[in-house]
Structure formats: C-alpha cells, structure tokens
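Welcome, and please take a moment to look over the model below. The report then walks through a few of its features in turn.

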Amino acid sequence: MTSTLADLPLLSAALGLLAGLALGLFHFATLRRVTDLYLSGTAPARALAFQLARFALLIGALVLLAIAGAAPLLGGALGILLGRAIVLRRTREAQ
C-alpha cells in the first residue's frame, strides 16, 4: 500500500509547519541586516538585492507548499508567523 502526503494531512501540515518555522526564522532574522544596509546608505544596491532575495525565497517556498496542498501551506504559514514571533521576542529581550 502506498500513500502520498495528501493522504496524511496531519503529517504534511507538520512538515509544512517545520519548513515555515525555519523559513520564518531566517526571513525575519535577516530583516535586521537589510535594515542596517538601507540605513547605512553605503550599499543601497546590495540592500535591495538582499531584500529581493529574501522575498524570492519566501515566495518560492510558499509556492512549493501550495503545490503540496492546503495542509502544508497552512502549516507553513503558521510556521512563518511563529518564526516572526520568536525573532521579535529575541529582539525585544536583547534591547
């Protein structure tokens, strides 16, 4: 008997959650670096390129999760939000 990820919605949602969490942690942790580059004014082209790369990675991952199905996409979106919350909490504690 073979099963696909679509047959196991909880597993696919959990895998999407883990992927989204990793993506969210990376995406929001690198936001500080992009902001520093913009504010320094020394490398605006580099800052723009880095920002576009961040968004391309985020969009690409969300498209792949959407192709995998609704459960992985919802899990991934939740993971991104969790990653954001973790990064914000760490940033507030550091200040």
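Helices here are DSSP runs of H or I with at least four residues, numbered from the N terminus. The model is predicted, so to speak of local features a pLDDT of at least 70 is needed and side-chain atom pairs count only at pLDDT 80 or more, while totals for chains, interfaces and linings use all residues. Residues are numbered from 1 along each chain as its sequence is written, and side-chain values use heavy atoms, with hydrogens and water left out.

Let us begin with Q51, which sits in helix α2 (residues 44-68). Its side chain forms a polar contact of 2.5 Å with that of R54; such a contact is a pair of N or O atoms within 3.5 Å, one able to donate a hydrogen and the other to accept it. Setting aside neighbours within four places in sequence, Q51 touches V34 and Y38, where contact means heavy atoms within 4.5 Å.

How exposed are the residues discussed here? The table gives relative accessible areas, with buried meaning under 20%, exposed over 50% and partly exposed in between (1.4 Å probe, protein chains only).

| Residue | Relative accessible area | Class |
|---|---|---|
| Q51 | 15% | buried |
| T35 | 34% | partly exposed |
| F28 | 23% | partly exposed |

Next comes the packing of helices. α2 and helix α3 (residues 70-94) meet at an angle of about 145 degrees, and their axes are 7 Å apart. The axes are lines fitted to C-alpha atoms over the stretch in contact, and angles run from 0 to 180 degrees between N-to-C directions. From α2, L58, L62, L65, A66 and A68 meet P72, L73, G76 and I80 of α3. These contact residues comprise eight nonpolar, one polar and no charged; Gly counts as polar in this scheme.

The largest pocket holds about 190 Å³ of space. A pocket is an open set of points on a 1 Å grid where a 1.4 Å probe fits, with protein on both sides within 12 Å along at least five of seven lines, and lining residues have an atom within 4 Å of a point. Its lining is made up of F28, A29, L31, R32, T35, R84, V87, L88 and T91. Helix α1 gives the most, with five residues, and the lining divides into five nonpolar, two polar and two charged.

Beyond its neighbours within four places in sequence, F28 is in contact with I80, R84 and V87.

Conventions:
Helices (H or I, at least four residues) and strands (E, at least two) are DSSP runs, numbered from the N terminus. Grid points are joined across faces, edges and corners, and a volume is the space filled by probe spheres set on the points.
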